[in-house]
Amino acid sequence: MLVSLVRRSAPSLPPLAMAIAVALLGMSAAQAAGNGHGVDSAKAAVSSAERGSLPSLRGAAYRPDDFAKSPHAHPLHPLPMLDGAGNQTDAAVQGTAPGTSAPVIGSGVPGLGVGFTGPQGSFSVDSAPPDTVGAVGATQYVQVVNTGLAVFDKATKNVVYGPVPTNTLWQGFGGPCENDNDGDAVVVYDKAANRWVISQFAVTATPYYQCVAISKTSDATGGYWLYAFNYGSVFPDYPKIGVWPDAYYITFNMFTSTFQGAKLCAYDRAKMLAGAAATQQCFQLSTSYGGVLPSDLDGATAPPAGAPNYLLNFGSSKLNLWKFHVDWNAPANTTLAGPVAIPVATFATACSGGTCLPQAGTRQKFDSLGDRLMYRLAYRNFGTHESLVVNHSVKVGTTRKDPYTGVRWYEIRNPGGTPQVYQQSTYSPDSTYRWMGSIAMDKQGNLALGYSASSSSINPAIRYTGRLATDPLNVLQGESTILNGTGSQTGQNLDRWGDYSSLTLDPSDDCTFWYTTEYLRTNGAFNWSTQIASFKYPGCT
């Protein structure tokens with residue numbers, strides 16, 4: 001069990017405590033590599049966070065020069081191939097789409113990217129990919145990309161704050177969270193508490209930190225409780241957060257010089273909402289498991305009392321499900337059960353997990369991130385049943401010259417008992433490449449799926465589809481376009497795209513979907529833009 005010290009304002013632990021923490025974290029990863037059951041210990045490792053407070057984001061000093069750094073590509077940390085040889089034929093392809101189309105898009109608005117301006121000035125692209133993510137709250141929409149954030153009025157879609165560097169949230173906190181602005185950000189809205197949760201890592205140097213900000217009210221421009229969780233010398237890549245009644249669950253892909261396995265952690269939600277001293281409890285998985293997502297609660301109905309958080313990744317024609325139950329009063333009682341294998345229709349990962357996605361006017365291709373599930377793993381309790389929906393990118397084309405890709409999606413039911421696939425398919429109505437999806441369901445069980453689309457004859461576009469709860473199982477409706485890109489990513493051998501997009505539900509009506517992802521207006525490198533759009537099914541009120 002790892003225990004480290006709590007300090008309110010100091011930027012780092014004392015040298016001796018730091019050395020112990022780093023050593024134990026490194027040992028945990030090493031143990032994980034040799035454990036055939038997938039978990040390095042039957043007991044969760046417990047550590048404490050440094051904490052602080054930001055009185056008001058509106059009043060915080062920010063450094064616009066952070067947007068003027070030399071452009072650079074964030075390195076991709078690929079996961080080991082976990083789905084076999086990669087030549088399986090997809091057994092769930094939806095090769096055509098019904099005439100009915102998904103709901104008509106509402107008004108959209110440009111998000112952070114080239115040419116974006118707001119009350120705090122102008123945004124400049126200094127890295128790729130953008131890691132576009134967003135969430136909708138009571139009255140606002142918050143979008144975060146690598147190195148920057150902005151807040152929009154939900155009703156008008158006007159920008160009301162930003163752009164500012166994301167580490168503006170930690171001004172006055174001290175240490176790497178204040179000084180580094182390293183990205184891989186996530187924003188979620190805790191609907192039960194009406195609070196914002198914004199996080200990014202600080203990984204310029206060891207020890208590595210996950211920096212977490214919890215808003216004090218539903219106003220994203222107001223005050224925040226600040227936390228920094230220490231991960232020692234093991235790189236915590238691709239963090240993803242899910243809101244649950246008993247914790248904020250977060251997952252990582254851990255790296256030294258090689259992949260060390262996924263790390264699954266729980267942050268003490270109740271303490272963090274109050275700005276009190278908080279701990280995390282973590283399990284380190286073996287190198288057999290990566291790309292794990294925590295479930296993120298949608299809707300006003302909580303999971304059954306005492307329900308664990310559900311976590312998923314994929315393997316060879318299967319999904320793996322874990323159940324993480326945290327006990328803050330007696331950490332020795334915290335458990336991680338699983339994985340339980342859920343058989344799914346056969347698939348092969350997009351581009352064998354690598355780079356093969358074409359675009360118009362250039363031979364340069366995109367990476368697919370086909371080696372992992374795409375954010376979010378959306379959970380909803382309908383009362384009569386519990387559902388999880390998730391997606392990933394898979395190969396559909398069967399020829400070497402045209403291995404075009406589609407979006408494989410699933411609805412999993414009964415995750416608390418014997419989980420089963422209720423419906424699934426790979427959306428690929430033509431040979432256009434589709435990837436980088438995000439999926440969710442509204443309160444009626446209607447589903448929406450947003451994603452990127454590209455081919456050798458079109459620039460990368462933003463599209464979406466969906467299905468009504470009453471539609472035939474396993475079938476999505478016709479495709480709709482949010483925005484057709486007018487440029488392709490060319491030059492500097494830049495193949496990064498994504499690394500994720502974000503589809504979330506408006507908590508006010510639990511019907512309106514909000515989607516954000518990237519596109520390009522002109523050919524070039526480090527010149528991406530993003531779009532924010534909303535839509536709903538007419539029958540959902």
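A disulfide is counted here when the sulfur atoms of two cysteines lie within 2.5 Å of each other. By that criterion Cys 511 and Cys 540 are joined, with an S to S distance of 2.0 Å. The model is a predicted one, and a search of the whole structure finds 4 disulfides in it.

**Disulfide Cys 511 to Cys 540**

- The torsion about the S-S bond of Cys 511 and Cys 540 is about -75°, so this disulfide is left-handed.
- Cys 511 is found in the loop between β35 (502-505) and β36 (513-520), while Cys 540 belongs to the segment after β37 (528-535); the pair therefore ties together parts that are 29 residues apart in sequence.
- Residues count as buried under 20% relative accessible area; Cys 511 has 0% and is therefore buried.
- Cys 540 also counts as buried, at 0% relative accessibility.

**Disulfide Cys 265 to Cys 282**

- The sulfur atoms of Cys 265 and Cys 282 are 2.2 Å apart, and the two residues form a disulfide.
- Because the torsion about the S-S bond of Cys 265 and Cys 282 is about 110°, the disulfide is right-handed.
- This pair links distant parts of the chain, 17 residues apart: Cys 265 is in strand β19 (residues 259-267) and Cys 282 is in strand β20 (residues 279-284).
- Cys 265 counts as buried at 1% relative accessibility, and Cys 282 is buried with a relative accessible area of 6%.

**Disulfide Cys 351 to Cys 356, and the pairing pattern**

- Cys 351 forms a disulfide with Cys 356, and their sulfur atoms are 2.0 Å apart.
- The S-S torsion of Cys 351 and Cys 356 is about -65°, which means that the disulfide is left-handed.
- Cys 351 counts as buried at 14% relative accessibility, and Cys 356 counts as buried at 13%.
- When the bonded cysteines of the chain are numbered in sequence order, they pair as 1-2, 3-4, 5-6, 7-8.

- Strands of a sheet pair through backbone hydrogen bonds, in either a parallel or an antiparallel sense.
- β31 pairs with strand β32 (residues 447-455) in the antiparallel sense over 7 bridges.
- Ile 439 has Leu 449 in β32 as its bridge partner.

**Strand β16 and its partners**

- In strand β16 (residues 224-230), 6 of the 7 residues are buried, so the strand is largely enclosed by the rest of the structure.
- Strand β2 (residues 50-54) runs antiparallel to β16, and 5 bridges join the two.
- Opposite Gly 52 stands Leu 226 in β16.
- Strand β15 (residues 209-215) also pairs with β16 in the antiparallel sense, over 7 bridges.
- Opposite Val 212 stands Tyr 227 in β16.

Notes
Residues numbered from 1 in each chain as written. Predicted model: local features only at pLDDT ≥ 70, side-chain atom pairs only at ≥ 80, totals over all residues. Heavy atoms only, no water. Helix = DSSP H or I, 4+ residues; strand = E, 2+ residues; numbered from the N terminus. Buried < 20%, exposed > 50% of the residue type's maximum accessible area, 1.4 Å probe, protein only. Pairing = 2+ DSSP bridges.
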